Amino acid sequence: ANIVAITTRLLDAGAAIDAEADVYGGGATTLALVVTSAHPRAAGVQNALADLLLSRGARLEPGIVRYCLVNGCPEAAAHLAERGARVTTTDAAGIGRLDLVRQAFEPPRTVSDADRGEMMAMAAWYGQRDTIRLLLELGVDPAVRRPEGGQTALHVAAYQGDAELVELLIEHGAPLDLPDAHFGTPPLVWALHAWLKEN
């Protein structure tokens, strides 16, 4: 809980703000580790610590918002987006930035099926129901799949146990029996697997 004070002491003593750790394949900066870690998030200090590092000159790396999202840290993702980090269309879906999602579909822009699948899955993962509604309004097919894994938003919503989102997707014609490409299973099996993991 006192990590902001500890970090301040270390920086005041001359610690290099963008020093890289040889973990997760190497090249991990302190800021990147902070905003993708469950520990500062659980302690409620993740964004405050990120702000300290940014105020002392830490660099916002390309892709850092996505790093946050794929590591289960949506609050840090949204916070860094507010601090000026680059946000892709998939990132925007995950943090509920409806303005950026809508902007991505404005002519003459085009959004590929791969990007549509990623956006739907990311929005479903973080329960961004308004984003899902907007994507459906913009003409995104509820059966669109993520290119990696082949799951639909319904697979993800079922896994998350998000009954309201599952209902929304089914109302819009999401296929119930479409198997994903990785496991070859429909959304119901994803829901049962998640339930078994929790129990």
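At roughly what angle do the axes of helix α4 and helix α6 cross? The views below start with the whole chain and then come to that pair.

This is a predicted model, in which local features need pLDDT of at least 70 and side-chain atom pairs count only at pLDDT 80 or more, while totals for chains, interfaces and linings use all residues. Residues are numbered from 1 along each chain as its sequence is written, and side-chain values use heavy atoms, with hydrogens and water left out.

**View 1. The whole chain, with 13 helices and two strands.** Helices (H or I, at least four residues) and strands (E, at least two) are DSSP runs, numbered from the N terminus. Taken along the principal axes, the C-alpha atoms fill a box of roughly 60 × 50 × 30 Å. Of the 199 residues, 42% count as buried (under 20% relative accessible area; exposed is over 50% and partly exposed in between, with a 1.4 Å probe and protein chains only). Take the contacts (heavy atoms within 4.5 Å) between residues at least 6 apart in sequence: 61% of them join residues at least 24 apart.

**View 2. Helix α4 passing helix α6.** Here is the opening answer: the axes of α4 (residues 46-55) and α6 (residues 74-82) cross at roughly 35° and come within 10 Å. Axes are lines fitted to C-alpha atoms, for helices over the stretch in contact, and angles run from 0 to 180 degrees between N-to-C directions. The crossing is right-handed, as the near helix is turned clockwise from the far one by less than a right angle. On the α4 side, look for Gln 46, Asn 47, Asp 51 and Leu 54; they meet Glu 75, Ala 76, His 79 and Leu 80 of α6.

**View 3. The buried residues of α4.** Gln 46, Leu 49, Ala 50, Leu 52, Leu 53 and Leu 54 are the ones to pick out here. They pack against α1 (3-12), α2, α3 (38-43) and α6. After α4 comes Gly 57, with a positive phi near 105°.

**View 4. The largest pocket, with about 540 Å³ of space.** On a 1 Å grid over the protein atoms alone, a pocket is an open set of points where a 1.4 Å probe fits, with protein on both sides within 12 Å along at least five of seven lines; lining residues have an atom within 4 Å of a point. Grid points are joined across faces, edges and corners, and the volume is the space filled by probe spheres set on them. There are 22 lining residues, and Trp 125, Arg 146, Gln 151, Val 156 and Trp 190 are the closest to the centre. Helix α9 gives the most to the lining, with four residues.

**View 5. The second largest pocket, with about 310 Å³ of space.** Its 13 lining residues include Tyr 24, Ala 28, Ala 32, Leu 33 and Thr 36, the closest to the centre. Both α2 (30-35) and α5 supply at least two residues of this lining.

View 6. Most residues other than glycine have a negative phi, and most peptide bonds are trans.
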